[in-house]
Amino acid sequence: MRNSKTRGLVKWFLLGIALISAPLAASPDQASRQQAAEKAILELERQGYAGSVLVAQDGNIEFFRDSVLEKDASCIPSYWIASITKQFVAAGILLLQERNKLDIRNSIAAYLPDVPDEFSGITLFHLLTHTSGLRQRYAADGIFDRKSAQQSLLAASLQSKPGETFAYANDNYNLLAIILEIQSGVPYEEFLRTEIFAPASMKNSGFWGMPVEAISCVPEVAAAPGQSVSGSNWGFRGATGMRASVHDLFAFVQTLRGEEILSRESVDMLMGNHLQLASGTEIGFNWFGERNENGLYSKSSRGNESF
């Protein structure tokens with residue numbers, strides 16, 4: 001969702017998915033680790049934090065605490081996950097590629113009608129890696145019609161030649177969502193529910209502007225959103241418009257490890273190192289590889305804006 005319109009509106013926070021791929025340092029026994037984690041979260045809650053924390057290693061959940069559930073255990077919190085939405089769109093695109101519905105090396109003009117000449121050099125790969133040259137314009141905010149959204153997304157001049165520069169932009173993934181809907185032949189949300197949520201057993205996940213499952217509850221926002229996010233529209237559909245529980249996010253990561261949705265080749269493509277920034281950050285399809293000050297390497301799915 002557009003940062004300038006929603007900054008500070010939400011009082012609940014959720015950290016993105018992270019996969020630690022380096023060996024963990026030596027640590028005390030599990031009970032001691034859980035006690036330390038519990039103490040740390042309780043201190044954060046005293047400072048105003050509210051949300052979910054799930055820590056897993058080798059496919060096993062080591063620690064879980066949800067301060068929302070602590071207050072109301074009647075439903076499972078389903079949090080707005082902002083730019084983590086993008087990795088689900090990327091997974092959907094790769095799934096369509098496996099089914100020969102598209103090829104990420106092709107120009108967007110192969111899948112979208114009436115693409116202006118300036119944009120015909122953009123490939124799906126460029127969109128997936130934020131190297132298309134599209135500007136961060138939030139161009140489809142409040143637009144419900146798919147054709148009008150496409151026209152708006154492709155209305156301004158490029159800031160760089162396709163493939164030349166990395167520039168993070170939500171518009172890349174909103175355009176990918178349009179392509180996903182066209183090439184799958186079903187509504188965008190229906191495709192993700194059927195082809196990703198269901199096989200991953202993601203039972204507490206959904207989309208902005210759509211009904212919430214009976215078993216889910218969505219933590220409240222501090223102020224009502226504006227018209228641009230009042231319903232399910234192309235201004236955020238592919239970039240930021242999803243919600244999920246932390247257990248659903250964990251389940252999705254497990255399906256990637258187990259090749260239950262995507263082949264190993266596609267998973268490697270999703271999370272692979274396609275280019276590297278001057279900072280050392282490795283760029284996948286909205287997965288980013290980084291090494292922290294302790295030398296620990298991780299893959300995470302996130303973005304540069306928040307709700």
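I begin with the hairpin of β2 and β3, which has two residues between its strands, and in whose turn Asp58 has a positive phi of about 55°. The model is a predicted one, in which local features need pLDDT of at least 70, side-chain atom pairs count only at pLDDT 80 or more, and totals for chains, interfaces and linings use all residues. Residues are numbered from 1 along each chain as its sequence is written, and side-chain values use heavy atoms, with hydrogens and water left out.

Strands here are DSSP runs of E with at least two residues, numbered from the N terminus, and two of them pair if DSSP finds at least two bridges between them. Strand β2 covers residues 52-57 and β3 residues 60-66; they run antiparallel and are joined by six bridges. Within this pair, Val53 faces Arg65 of β3.

I turn next to β11, residues 287-291. With β10, residues 282-283, β11 pairs in the antiparallel sense over two bridges, and Ile283 stands opposite Phe288. Three residues lie between these strands, and Asn286 in the turn has a positive phi of about 60°. β11 is also joined to β12, residues 297-301, by five antiparallel bridges, with Glu290 opposite Ser298. That hairpin has five residues between the strands, and Gly295 takes a positive phi near 85°.

Finally, an open antiparallel sheet of three strands has the order β5-β8-β6. Its edge strands, β5 (79-80) and β6 (206-207), each pair on one side only. Two bridges join β6 to β8, residues 242-244, and Phe207 has Met242 as its bridge partner.

Methods. Helices (H or I, at least four residues) and strands (E, at least two) are DSSP runs, numbered from the N terminus.
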